[in-house]
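Here are a few friendly notes to read alongside the model.

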Amino acid sequence: MLDKLTGTWAPRPSSGPHKLRESLPLIIFLRNRLRYALTNKETKAIVMQRLIKVDGKVRTDITYPAGFMDVITIERTGENFRLVYDTKGRFTIHRISEEEAKYKLAKVKSVKLGAKGIPYAVNDTLKLDIATGKATDFIKFETGNLAYITGGRNMGRIGTITHRERHNGGFDIVHVKDALGHSFATRLSNVFVIGLGSKSWISLPKGKGLKLSISEERDKRREAALAAKA
């Protein structure tokens, strides 16, 4: 995320809606990832012009903590981004359309009543309209649905839920199979449902959440290098 040769200090995220270890300060996004600024001062000049919105609200704090599924909008350039993880567990720049930027997905942490008294169970996923903040649809946590892994060794991988192991007094384990047919398991708390069946409600980042082995990554780099020379 940060260049290890340019210094030993990193911006600390302000307190906000995401945990310290699960958030990305706006300055890192604007300066180090998008390269829209070169220095701290330039980044501050951009945000103080009220050009940056996170989930539809203007943010003027350069260390405001943006996190997983947050929609970052830059109206001056007409760009929209959704913060998601790559298969190495890092936040990646994922550009989205104007239509997709109108909503985000959120995971249910405790039992709530929705429209018409329909209860949302823990681990279900809500589709939230960013303009109103209201849930417009939801997905049940069920086998056969598409899920994004948000923690653990398999962070950033995407696959279909195949089985859930219940462990009383311990951590429930969820088994997931990706599009290449590789199966893996992770804790229930790391699983975020993003689609009904195999159809995702959000556009997927580069790589589609498929984790490659070291040799597969090497072969892919070689193919890209040969294609560039041709």
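1. Strand E9 is the top contributor to the lining of the second largest pocket, giving four residues. The model is predicted, so to speak plainly about limits: local features need pLDDT of at least 70, side-chain atom pairs count only at pLDDT 80 or more, and totals for chains, interfaces and linings use all residues. Residues are numbered from 1 along each chain as its sequence is written, and side-chain values use heavy atoms, with hydrogens and water left out.

2. The second largest pocket holds about 860 Å³ of space. Its lining counts 30 residues, with Pro 17, His 18, Phe 68, Asp 70 and Lys 104 closest to the centre. E9, E12 and strand E18 (191-196) are the elements giving two or more residues to this lining. A pocket is an open set of points on a 1 Å grid over the protein atoms alone, where a 1.4 Å probe fits, with protein on both sides within 12 Å along at least five of seven lines; lining residues have an atom within 4 Å of a point. The volume is the space filled by probe spheres set on the points, which are joined across faces, edges and corners.

3. By class, that lining has 14 nonpolar, six polar and ten charged residues. Ala, Val, Leu, Ile, Met, Phe, Trp, Tyr, Cys and Pro count as nonpolar, Asp, Glu, Lys and Arg as charged, and the others, Gly among them, as polar.

4. The largest pocket has about 1,000 Å³ of space. Among its 34 lining residues, Arg 33, Asp 86, Lys 88, Arg 90 and Thr 92 lie nearest the centre. Helix H1 (26-33), strand E8 (91-92) and H3 each supply at least two lining residues.

5. Strand E12 (residues 125-129) pairs with E13 over four bridges, and two strands pair if DSSP finds at least two bridges between them. Leu 128 has Ala 135 of E13 as its bridge partner.

6. Helix H3 (residues 214-229) reaches 23 Å from first to last C-alpha, close to the 22 Å expected at 1.5 Å a residue, where the expected span is 1.5 Å times one less than the number of residues.
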